[in-house]
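Here is a short report on one protein chain.

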Amino acid sequence: MRMSVVDVGSNTVRLVVADLEDGVPLPVHTAKWKLRLSERVGQPYGEIPEDSVRHLVQAVSAAAETARRWGAAGPLAFATAVVRGAPNRLDVLRSVRTETGVRLCTLPGEVEGELTFLGARRWMGWRAGPLALFDIGGGSFEVAFGRGRLPDFVASLPLGAGRLTRDFLYGQDPPPERAVKALRREVRHQLRDVAARIRWEGPRTTVVTSRTFQQLARLCGAAPGRQGPFVERRLARAELRVGLDRLAALAASERALLPGVSAPRAAQSLAGAVVGHTVMKLTGIKTVTVCPWGIREGVLLRYIEDGGSWWTEMTRRSDDAEGARTGAVALRIAPVPEPRPVGR
């Protein structure tokens, strides 16, 4: 069976067409359309302008047509924080559905974390043991931990690289030291409790996903993407600290000349580095593994393993007007287990 998934993010609309062979989504075609919705919204939880909605409709229509040309069913289409938090969210979803026939839905931040964790778990395998996950998006930052297929603990925090850039670094290129310090204070404050939980759990393996982490790893010496997904890529906290200082000293146009830093993401690369380094420092994690699978693969895997009824329920919840309410933080934390007896 051939399926497709469309991911509407803060910067791009991405399409993955995959064959679902033996329970594994094997990609046969990918494509992306640059929209930079977060720049056009201009503020967290801002309304999406009419021209941006029109461009979004065009991109989703093109993605659906591309998927059809490749013989794929679907697509399973979802939008992340930039649409989820918009006051005109329901109007945006309705416009996409009416004009393209695609049932675009929004996923709560904690569900994004669960799906990304599932993708990482399947890629890393059970040998990874207790697994922690960090995922930096444009509007939110997901943290998850679990010992099984799905996480025991998920948090979605308002620490997306694009959001933080707008809130703390906008119009300052390169930013003054005081702006970077203010950004670090906010990130530390937001991460304090979540980091304490990850320290308590003591993961055996920690993985990172998202383009932001991939580019930071490349900046710090990881293999380039052209070498394929099976090359092991790691990111060390000490190397990321050096990379952070390097990014902070440069204007966005100069960052775009560095290895791995793309021009569209150069402005928000510094905020992403601050989040990445801070979460590693607060959790005591010295090295992370860069995982090529993330939320899109998680959606396909969940569809394979739990069937189409799971996705139907997700879209139904998204359609519910009550679901239009979104807070800055979506948090689900399983109860902390009792301390393990010493000596066992």
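## Ala248 and helix α9

Ala248 sits in helix α9, which covers residues 237–248. The model is predicted. Setting aside neighbours within four places in sequence, Ala248 is in contact with Pro174, Pro175 and Leu270.

Arg121 is 127 residues away from Ala248 in sequence. In space, the two C-alpha atoms are 33 Å apart.

## Val194 and helix α7

Val194 belongs to helix α7, residues 177–201. Its relative accessible area is 7%; with the limit for burial set at under 20%, Val194 therefore counts as buried.

Which residues does Val194 touch, not counting those up to four places away in sequence? They are Val143, Phe153, Ala155 and Leu157. Pro75 is 119 residues from Val194 in sequence, and 34 Å from it in space, C-alpha to C-alpha.

## Nonpolar cores

The largest nonpolar core has 47 residues. Phe134, Phe141, Leu159, Val187, Phe213 and Leu270 touch the most other members. Helix α11, residues 266–283, gives the most to this core: eight residues. Another core lies apart from it and has 28 residues, among them Val6, Leu15, Leu56 and Ala63. In soluble globular proteins, nonpolar side chains tend to be buried together.

Leu270 is one of the contacts of Ala248. Phe213 touches Phe134, Asp135, Ile136, Phe141, Val208, Leu235 and Gly276, again leaving out residues up to four places away in sequence.

## The whole chain

The protein chain holds 13 helices and twelve strands. Its C-alpha trace spans about 55 × 50 × 45 Å along the principal axes. For 344 residues, a compact globule would have a radius of gyration near 20 Å; the chain has 19 Å, so the two agree.

Of the 344 residues, 53% count as buried. Take the contacts between residues at least 6 apart in sequence: 71% of them join residues at least 24 apart.

## Surface and charge

The chain exposes about 15,400 Å². Carbon and sulfur atoms supply 49% of that area.

How far apart are the mean positions of the positive and negative charges? The chain carries 50 positive and 35 negative charges, and their mean positions are 6 Å apart.

Methods. Residues numbered from 1 in each chain as written. Predicted model: local features only at pLDDT ≥ 70, side-chain atom pairs only at ≥ 80, totals over all residues. Heavy atoms only, no water. Helix = DSSP H or I, 4+ residues; strand = E, 2+ residues; numbered from the N terminus. Rg over C-alpha atoms; globule rule 2.2 N^0.38 Å. Buried < 20%, exposed > 50% of the residue type's maximum accessible area, 1.4 Å probe, protein only. Contact = heavy atoms within 4.5 Å. Areas by Shrake-Rupley, 256 points an atom, 1.4 Å probe, with all protein chains shown as cover. Lys, Arg positive; Asp, Glu negative; His and termini not counted. Charge placed at Lys NZ, Arg CZ, Asp CG, Glu CD. Core = buried A, V, L, I, M, F, W, Y, C linked by side-chain atoms within 4.5 Å.
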